[in-house]
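User: I am new to this structure and want to learn how to read it. Could you take me through its features, one at a time?

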Amino acid sequence: MASLTKDLSAAASAAFEAMGLEARWGDVRRSDKPELADFQCNGAMGAAKQAGKIPRDVATEVAAALRDHEMVLSAEVAGPGFINIRVSDAALAARAEAVREEKMAGAEGAPDPQVTVIDFGGPNVAKPMHVGHLRSAVIGDTLRRLLTFLGDEVTGDVHLGDWGLQMGHLVTELQDEQPGLIYFDADFTGPYPEEPPVTIDDLARMYPAASAKAKEDPARLERSQKAVAELQAGRPGYRALLKHFIDVSVAALKVDYEFLNVHFDLWKGESDVDDLIPELVERFKSAGLAREDDGAWIVDIAREGENVPVEKNGKTTLKNPMPPIMLINSRGGTGYHTTDLATILDRMEHLEPVPQRMLYVVDQRQALHFQQVFRAAEMVGLIDEGRLEHIGFGTVNGPDGKPFKTREGGVLRLADLNQMAFEEAQKKIAEAGKLPEDMGAEERHEVAANVALAALRFSDLMNTRTTNYVFDLDKFTSFEGKTGPYLLYAAVRVKSLLRRATEEGNKPGGIVIGHDAERALVLQLDNFAFACLQAREKRMPHVLCEHLYNLAQAFSSFYAALPIAAEGDEATRASRLGLASAVLKQLETGLDLLGIRVPERM
Ligand code: ARG
């Protein structure tokens, strides 16, 4: 069963069409004035203007047609031609039943499902993830879940950063520390030992050490640059080391992502498309799009008279023209643009079915990079125009409004952040005295992990993606306010209410709507379909967060206004429990889309 909004829109559209007017005028939405109406249709004014008719006449005719519809209780014309609609109790009851029974808890599939790659996470091998990586992981994973739910065929790709200078730093640093390793033999061809020569802690220590030395000493930098060039040219010992570094890093990354309930279908990286680079370069050359410059290959992508926005230190200025792309540098090496382009080629050639869209969930500050890559990809015909989207996001800031740093001034590692959130969750749970006395240690641990997960994911997702937000763990983990833990607790409360009712011999049954608080609750449930589609269309998870928060609030008003289990009459009791189970179903479905796990009890 479609949402009330959709059914009403269809009915109003039919009425407009019957008058020879366009169907689009029939769009119906929730009323801004719930005391006057449940829904409103504002199309009569625009339609009348276009057709040279009187708005109130058009509205009157549409309202009359709507009144014939079985779900409509009343349809009244107000002001210059607004139509205020109330739906019948029966229609609301049927809607609530559908939410309770349907697999999608009242949501509807997307009208235009697409084969979509979501490129998110983007961690770099050897550099530990920091708080900035939280956003890409959480927003990307939520879009992955949401789009899949709505019918898109989604592949989530982590796109490891494993091809840059950091790899050269690791090679040279390791060479200094353990010069005797076989990987450094000039004639090494393998096989190589299974046991990696480094641990994740080694990697975390080696990269910053080498990078600091290279800043001081140009010769040290030169060595690392040469090492990357050799690695990229395929030197077997270095390729073997790269594989070790990747394996060791991936194992550590998986732990952090698991804590955040973030999942990927593909664990590919920049280095995986190495063998496609010759083909890529050939495509640009044969299309006449690449020019040689001192041994390097350059692609010009600027268009005449065009200004591109460039963001620096939080300020956006217009800079002209769009900088060219370096496909191959004079050392024969490749960088960030080239690996991104080769990755598009790889996905178009090897993924089944062929992707129709690629979404890049990456910090807004990389906007120019993606404009360049997308334009070059479209110019050379790797993919149709408009199919590559940069889903940018703002930064996570500290209380000073600047990108978040630890007290010592360093970047906060994601692993430490996860641990901090876990401890803070434990503290909040203890303060609130929320857990049943008989709960064992293991379950307590799990509940705290779920509260931390809800806190981190919700506080990130509830903000409009493109804005910055201030990191405030105390606020995020609170059980009060617009927080993940609040929503989690709301869902668990409905769960225990239903469990208790069942234990007392009361079962959810057929839903009957009578009271205003029930009407308001079902109208809120009805909004889920729209919220999901809107969140997908705009790639904005906060729309879904907003809906779930409003739903939890509507449930708590309903619960405060009307007795449920204590109600004397059995049919009413069953109906209200039925409503509660519809709410639980939608809350759990929605929270799962946000990647939040609901515990059995707390
Ligand atoms: N590794 C990159 C970074 O840390 C992010 C990768 C984003 N994805 C992409 N296809 N470029 O900045």
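User: How do I read the packing of helix H17 and helix H18?

Analyst: Two packed helices are described by the angle between their axes and the distance between the axes. Here the axes of H17 (residues 516-538) and H18 (residues 542-561) come within 8 Å and cross at roughly 175°. Axes are lines fitted to C-alpha atoms, for helices over the stretch in contact, and angles run from 0 to 180 degrees between N-to-C directions. That makes H17 roughly antiparallel to H18 (under 35 degrees is roughly parallel, over 145 roughly antiparallel, 65 to 115 roughly perpendicular, the rest oblique). The residues of this contact divide into 15 nonpolar, 6 polar and 2 charged. Ala, Val, Leu, Ile, Met, Phe, Trp, Tyr, Cys and Pro count as nonpolar, Asp, Glu, Lys and Arg as charged, and the others, Gly among them, as polar.

User: What kind of model is this, and how are residues numbered?

Analyst: It is a predicted model: local features need pLDDT of at least 70, side-chain atom pairs count only at pLDDT 80 or more, and totals for chains, interfaces and linings use all residues. Residues are numbered from 1 along each chain as its sequence is written.

User: How many helices and strands does the chain have?

Analyst: Helices (H or I, at least four residues) and strands (E, at least two) are DSSP runs, numbered from the N terminus. The chain has 19 helices and 15 strands.

User: In what order do the strands of the open sheet lie?

Analyst: Two strands pair if DSSP finds at least two bridges between them. Here 4 strands form an open sheet in the order S6-S5-S12-S13, with parallel pairing. Strands S6 (153-157) and S13 (388-393) stand at the edges with a single partner strand each, so one side of each has no neighbour in the sheet. From one strand to the next, the twist averages 20°. S12 (residues 357-363) and S13 pair in the parallel sense over 6 bridges. Valine 362 has glycine 392 in S13 as its bridge partner.

User: Which helices lie on this sheet?

Analyst: Two residues are in contact if their C-beta atoms, placed from the backbone, lie within 7 Å. Helix H5 (residues 131-149) lies across S5 (115-119), S6, S12 and S13, at about 155° to S12. Helix H12 (residues 367-379) packs on the sheet too, touching S12 and S13. The direction of H12 makes about 175° with that of S13.

User: Which residues surround the ligand?

Analyst: A residue is near a molecule if its C-beta atom, placed from the backbone, lies within 6 Å of it. The ligand is surrounded by Asp119, Gly122, Asn124, His159, Gly161, Asp340, Tyr360 and Val362. By class, this shell has 2 nonpolar, 4 polar and 2 charged residues.

User: Are asparagine 261 and aspartate 294 buried or exposed?

Analyst: Count the other C-beta atoms within 10 Å of a residue's own, all placed from the backbone: 20 or more is buried, 12 or fewer exposed, in between partly exposed. Asparagine 261 has 21 such neighbours, so it counts as buried. Aspartate 294 has 7, so it counts as exposed. Phi is positive at asparagine 261, near 60°, and at aspartate 294, near 55°. Asparagine 261 lies in the loop between helix H9 (236-259) and helix H10 (277-286). Aspartate 294 sits in the loop between strand S7 (290-293) and strand S8 (296-299).

User: Where are cis peptide bonds found?

Analyst: One runs from glycine 190 to proline 191, with omega near -5°. Another joins glutamate 352 and proline 353, with omega about -15°.
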